[in-house]
Amino acid sequence: MLQSLAGSSCVRLVEQHRSAWCFALLVLGYLLWLVFGAVVFSSVELPYEDLLRQELGKLKQRFLEDHTCLSEQQLEEFLMRVLEASNYGVSVLSNASGNWNWDFTSSLFFASTVLSTTGYGHTVPLSDGGKAFCIIYSVIGIPFTLLFLTAVVQRIIVYVTRRPVLYFHIRWGFSKQVVAIIHAVVLGFITVSCFFLIPAAIFSVLEDNWNFLESFYFCFISLSTIGLGDYVPGEGYNQKFRELYKIGITCYLLLGLIAMLVVLETFCELHELKKFRKLFYVKKDKEEDQEQIMEHDQLSFSSISDQASSMKDDQKANEPFVTSQSPTSNDSSLNN
C-alpha cells in the first residue's frame, strides 16, 4: 500500500514538473555533446598538429644551417611580421601580390560576410577608422539583415510550403501532417542538391587546390554561418574573372542563406516538432494569460469586438497551413 502511494506520488511529481525535467535532460545532453565533440576533435587533430610542428621545426633548422649569416632571432622577427600581416589578409608571396583585399568586389564580399555573421576572418580592417566603422556598420546592419531575411522568408514560405501542402490536402484529400512531412523532406533534398552538391562540384572545378569534400565543406561552413575561414574562394593568384567570381559568390551566399532559413522554417512548422519543442518550454499560468490591463476609455463593446477580431486574424495568420476565408463566403454562409 505504501509502495503504491509512493509510486503514485512520484509519478504525480514528475508530471507536475515535466518541463523542468525535460529541460534538465536537454542541458545535460548539450553538455555531453560538447564534451563528445571536444574529445573527438582532440583525438583526431592533435596528431596532425604535432606532425606539422615537427615538420616546421625541421624546415627552420635546415634553413638556418643553409644560411649561417642569418641568426635565429632575425628569422623569428621576420616570421612574426609575416604571420601578423597574413592574419590581416596581406600575403608576402610574389604570386599573390597582385590580389587586393580591399577593391570594390572584395569589399562587397567582406560586407556580406559581416552582415550575415559568417565572418571568414581572412580579411579584416587594418586601420582604426575601418575598425570603428565596422562596429557601427555591424550594429546597424546585422539587425537590418535579420529583418530583411525574416520578411523574405515569410513571403517565400507561403508559396513554397503552405500553399503546396494545402493544395495536396484539399485537392487530393491526403493527411495534412503526412503531406507536410513529405514536402519538408523533398524540399530539404532539393536545397541540399542545389546549394551544396552542385556548388561543391563547381567549386572543385574552379578552385585549383580544392577537391569535392573540401568544396562541400566550404559550402556547409558558409551557409551555416560558421565561417572558419580556412577555405575562401577566389583567393588564387591565377583566378580568372576574379571580380565577377566574387560577386557570384556573394549572391550564392545570400540565396543559400535564404534557402536554408526556408527549409528550417518548414521543418519548424511540422506538428511533431512543435510537440517536441513544447516539452522544454515553461508552461504559462492561465491567470497570467487571462490578465489584460485596459484603459477606462477602451472598455466599450466596439473596442472589445475590434480587439477580438484582430486577435483572431493574427491567430489565423500565425497558424501554419491555414488559409483565411473571404468575406463573401462568410456572408453567403450566414444567408444560408
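Contact, as the word is used here, means that heavy atoms lie within 4.5 Å of one another. T105, for instance, is in contact with E243, K246 and I247 when its neighbours within four places in sequence are left aside. This residue is found in helix 4 (residues 104-115), where helices (H or I, at least four residues) and strands (E, at least two) are DSSP runs numbered from the N terminus. T105 is buried, with a relative accessible area of 7%; buried means under 20% relative accessible area, exposed means over 50%, and partly exposed is in between, with a 1.4 Å probe and protein chains only.

The model is a predicted one, in which local features need pLDDT of at least 70 and side-chain atom pairs count only at pLDDT 80 or more, while totals for chains, interfaces and linings use all residues. Residues are numbered from 1 along each chain as its sequence is written, and side-chain values use heavy atoms, with hydrogens and water left out.

Turning to the chain as a whole, there are 12 helices and 0 strands. Of the 336 residues of the protein chain, 23% count as buried. Among contacts between residues at least 6 apart in sequence, 61% join residues at least 24 apart. The protein chain exposes about 24900 Å², of which carbon and sulfur atoms supply 66%; these accessible areas come from the Shrake-Rupley method with a 1.4 Å probe, and for residues only the protein chains shown count as cover.

The UniProt record, an unreviewed entry, places the feature "transmembrane region" at residues 21-44, 135-157, 178-203, 215-232 and 244-264; its positions are given in the numbering used here, feature names are shortened, and annotations may be inferred rather than shown by experiment. In the model, residues 135-157 are 100% helix and 0% strand, with end C-alpha atoms 32 Å apart. Residues 244-264 are likewise 100% helix and 0% strand, and there the end C-alpha atoms are 30 Å apart.

The interior can be followed through its nonpolar cores, a core being a set of buried Ala, Val, Leu, Ile, Met, Phe, Trp, Tyr and Cys residues joined through side-chain atoms within 4.5 Å. The largest has 13 residues, of which F203 and L253 touch the most other members. Helix 6, helix 7 (212-223) and helix 8 each supply at least two residues of this core, and the largest share, 4 residues, comes from helix 8. L253, once its neighbours within four places in sequence are set aside, is in contact with F109, Y120, S222 and L223. A second, separate core of 7 residues includes L149, V153, L257 and V262.

V205 is found in helix 6 and is exposed, with a relative accessible area of 65%.

R53 forms a salt bridge with E49, the closest N and O atoms being 3.1 Å apart, and both residues lie in helix 2 (residues 18-66), 4 residues apart, or about one turn of the helix. R53 is exposed at 57% relative accessible area, whereas E49, at 38%, counts as partly exposed.

K60 forms a salt bridge with E72, with the closest N and O atoms 3.4 Å apart. This pair links distant parts of the chain, with K60 in helix 2 and E72 in helix 3 (residues 72-87), 12 residues apart. K60 is partly exposed, with a relative accessible area of 25%, and E72 is partly exposed at 47%.

The side chains of R162 and E269 also meet in a salt bridge, at 2.6 Å from N to O. Here the pair joins R162 in helix 5 (residues 128-172) to E269 in the loop between helix 8 (242-268) and helix 9 (271-278), 107 residues apart. E269 counts as buried, at 6% relative accessibility. Elsewhere, salt bridges that share partners join K60, E72 and E76 into one network.

Definitions and conventions
A salt bridge is a side-chain nitrogen of Lys or Arg within 4 Å of a carboxyl oxygen of Asp or Glu.
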